[in-house]
Amino acid sequence: MNVDWLLTHSPALLIAIPLLAAFLTPVIDRINKKARDAFVIIVLIIAEIIMIALAWDVFTGSAHIYTMGASNPTATIPSQAAVPIRIVLEVDGMGAFMGLISTTVSLAAGFYSLAFVKKETGQGRYYTLLLLMLVGMLGMEFTGDIFNLFVFLEVLSMASAALIAYRFYYGDAVEGAFKYCVVSSLGALMVLFAIGLLYGQYDLLNMAALAKVIEYTTLDKIALVLLIAAFAMKCGAVPMHMWTPDSYTVAPAPITAMLVAASQASLYALFRICFSLYGLTLDVTTVGIIIIALGLLSMFVGVTMALPQKDIKRLMSYHAVSQTGYMLLGVGVGLYLLGKSDFDTYGMAAMEGGIFHIINHALYKGLLFLTAGAIFYKVKTRNLNEMGGLAHSMKFTTIFFMIGALAIAGIPPFNGFASKLLIYESAYHVSPILSIIAMLVSIITLASFVKVFHSAFMGPPMENAEAGEVPKSMIIGMAILTVGIILFGLFPGWVVSNIVHPAAQALAAQAGYIGSVAGGA
Amino acid sequence: MSEKTNGNSEGLSPIVKVISGMIFPFIMIFSFYVIMHGHLTPGGGFQGGAIGASAIVMLIVAFGARHTEKRAGEEKLSLFESIGGTLFILVAILGFIMAATFMSNFLVGSAIFGEIPPFGSNPGILNTGGILPILNFAVGMKVIGGLSAVVLAMALVSKEDD
């Protein structure tokens, strides 16, 4: 079992190991609780290490192809057939990039959960579902098969819905979970219907093989609309954002951080469908403008809804909607310019900005939700009017919150600045109004986080709260994300050229995606 | 048997209890049959598992949730489910070791389910399919455990409301 073997099989291992661990967790839970905690953390660390190795190999080399059940992992097309039939995992730059986000956020959430859910019942099932969420996200990001994408979307949705309702004794938790459940089932049905439309026409489920023959017929257009609507709903873009604040607010804080990464997996699916499945066959100008419009709406509506909120997690949830808008704007501009002469000059920069923002957002929004959870852990309320002076007793949480808040507002030297600058500069070439709105939203974001900082951390110490810092494992969870924010903020140039550029390149170059699975385009 | 079934006041009348006790093994055998022939006929792990779970649901209805819980508690059913899931993924992982890739059908050609059926129609040769029958069993275990645990939990909760 050497390194080469591990790298070749890593796409399958990354799905198999958390899945096996998820089923083993309830068994270990019956034997020993401490052993279960250690087991979950070790599995998450192993997943993170394998993911980093795989991502490094993909960024410096080429995409990894893995054919399930074949005699050889790269034998995508069986000898008796002309098209790929088996389930193919295709980890290109973009998939590896998203995988890094999922494993990192899960690791932070895993550490954080150790103390956060210590007093709850049914922890065995909590960790099972947490690992299943990781499986769902990684599966969605790695798969090259559109039906497999649907299966992992369902795995992810069901695990998330159950975890949102984990603290079922709060009535609103059940309500949020039910809302999420309804929205995800609706989205999943739309995806399934779209897959049916594509399969009926082309007899293919492999995305690369489909992309090779897709013609953009009327049925394909209907399928595209269904897919975009479903995935935009799942990533919480306005006007389909109504579930986001409800379910993000009531989920346990580590799960909210995971839900951010889960929404981004849906965002990834949206981009994958537009760029890799349809590519230049679709009307890039119209679809690009639609995605830009979704982005602008999400940005503006999200942030203006966030401003008056008094519930700290609800406020952050609306900011999550708003930040999703930046990603849609950046990548939408890239799609709008795809195939046009300007693509290489600033279309690519816009895509890099949008994609860089995905990882930045996962890090700082995950961190902010974890700090909100830390506040809830200590003062037992999410209402900003009922808290204050927490900086006196919670030094680490205060510092983490400040870093997260400055990063989300796009203040240099933190990572949010780097990606927002890329988006401002490139969107300006399409229309100056895009950049103006983006900057305005950024300023309102800063304003609302100044409000949160002031009402939660400043002022005299609270009288009726238990003093002191949160447990160590929660600090470790927050520190993992903070280190990422600081590193990405200090070396944005290195990150963009070594991590973000390969991801953007993988999305933009459809021929490469098709060629690696289904032969020459 | 009559003493045992009359012992609790929960559930339906003794006639229903005795009859459902008698047909329970037959439903389980049918469930086993559907799972076993999953790779040959319509049905398979999920369908057979749902039949098996329906047998346990019948016991819950006939004998009452509390009585059923004593014999097959939610914990036990969940453990059964976990074992099914673990078996599935272990067989898939064995593909790495026995053959080239994850989920390779490494049993083809071996003595267990390894027979390669002749070309053309046949009445259904059971000893075929490689790892598929084993995966069907794993799914069946998972569905029996999971589905009946869900129904049992709901039955217990609704009892508490009364």
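At what angle do helix α12 (residues 312-337) of chain A and α13(A) pack, and how far apart are their axes?

**View 1. Packing of α12(A) against α13(A) in a predicted model.** In this predicted model, the two helices pack at an angle of about 170°, and their axes are 7 Å apart. Angles over 145 degrees count as roughly antiparallel, and α12(A) and α13(A) are therefore described as roughly antiparallel to each other. Sorted by class, the residues in the contact of α12(A) with α13(A) are 17 nonpolar, 8 polar and 2 charged.

**View 2. The crossing of α12(A) with helix α16 (residues 432-457) of chain A.** The axes of these helices come within 11 Å and cross at roughly 160°, which makes α12(A) roughly antiparallel to α16(A). The crossing of α12(A) and α16(A) is left-handed. On the α12(A) side, the residues that take part are Ile312(A), Leu315(A), His319(A), Ser322(A), Tyr326(A) and Leu329(A), and they meet Leu434(A), Ala438(A), Val441(A), Thr445(A), Ser448(A), Val452(A) and Ala456(A) in α16(A). An α-helix has 3.6 residues a turn, so residues three or four places apart point the same way. By class, the contact of α12(A) with α16(A) has 9 nonpolar and 4 polar residues, and no charged ones.

**View 3. Helix α17 (residues 472-490) of chain A and its surroundings.** The 19 residues of α17(A) should span 27 Å at 1.5 Å a residue, and the end C-alpha atoms are 26 Å apart, which agrees. Among the buried residues of α17(A) are Met474(A), Ile475(A), Met478(A), Leu481(A), Ile485(A) and Phe488(A), together with the glycines Gly477(A), Gly484(A) and Gly489(A). The elements that cover the buried residues of α17(A) include α3 (93-116), α13 (347-379), α14 (395-408), α15 (415-430) and α18 (492-508) of chain A.

**View 4. Helix α8 (residues 218-234) of chain A and the residue Gly236(A).** With 17 residues, α8(A) reaches 24 Å from its first C-alpha to its last, close to the 24 Å expected at 1.5 Å a residue. Its buried residues include Asp220(A), Leu224(A), Leu227(A), Phe231(A) and Lys234(A), and what covers the buried residues of α8(A) includes α6 (171-202), α10 (253-278) and α11 (284-306) of chain A. Just after α8(A), Gly236(A) takes a positive phi of about 80°.

**View 5. The contact between chain A and chain B.** Chain A gives 17 residues to this contact and chain B gives 16 residues. On the side of chain A that touches chain B, the largest share, 10 residues, comes from helix α1 (residues 3-31) of chain A. That side of chain A divides into 11 nonpolar, 5 polar and 1 charged residues.

Notes: Residues are numbered from 1 along each chain as its sequence is written. Chains are lettered from A and ligands numbered from 1 in the order in which they are written. This is a predicted model: local features need pLDDT of at least 70, side-chain atom pairs count only at pLDDT 80 or more; totals for chains, interfaces and linings use all residues. Two residues are in contact if their C-beta atoms, placed from the backbone, lie within 7 Å. Helices (H or I, at least four residues) and strands (E, at least two) are DSSP runs, numbered from the N terminus. Ala, Val, Leu, Ile, Met, Phe, Trp, Tyr, Cys and Pro count as nonpolar, Asp, Glu, Lys and Arg as charged, and the others, Gly among them, as polar. The expected span of a helix is 1.5 Å times one less than its number of residues. A residue is buried if 20 or more other C-beta atoms lie within 10 Å of its own, exposed if 12 or fewer, and partly exposed in between; C-beta atoms are placed from the backbone. Axes are lines fitted to C-alpha atoms, for helices over the stretch in contact, and angles run from 0 to 180 degrees between N-to-C directions. Angles under 35 degrees count as roughly parallel, over 145 as roughly antiparallel, 65 to 115 as roughly perpendicular and the rest as oblique. A crossing is left-handed if the near helix is turned anticlockwise from the far one by less than a right angle, and right-handed if clockwise.
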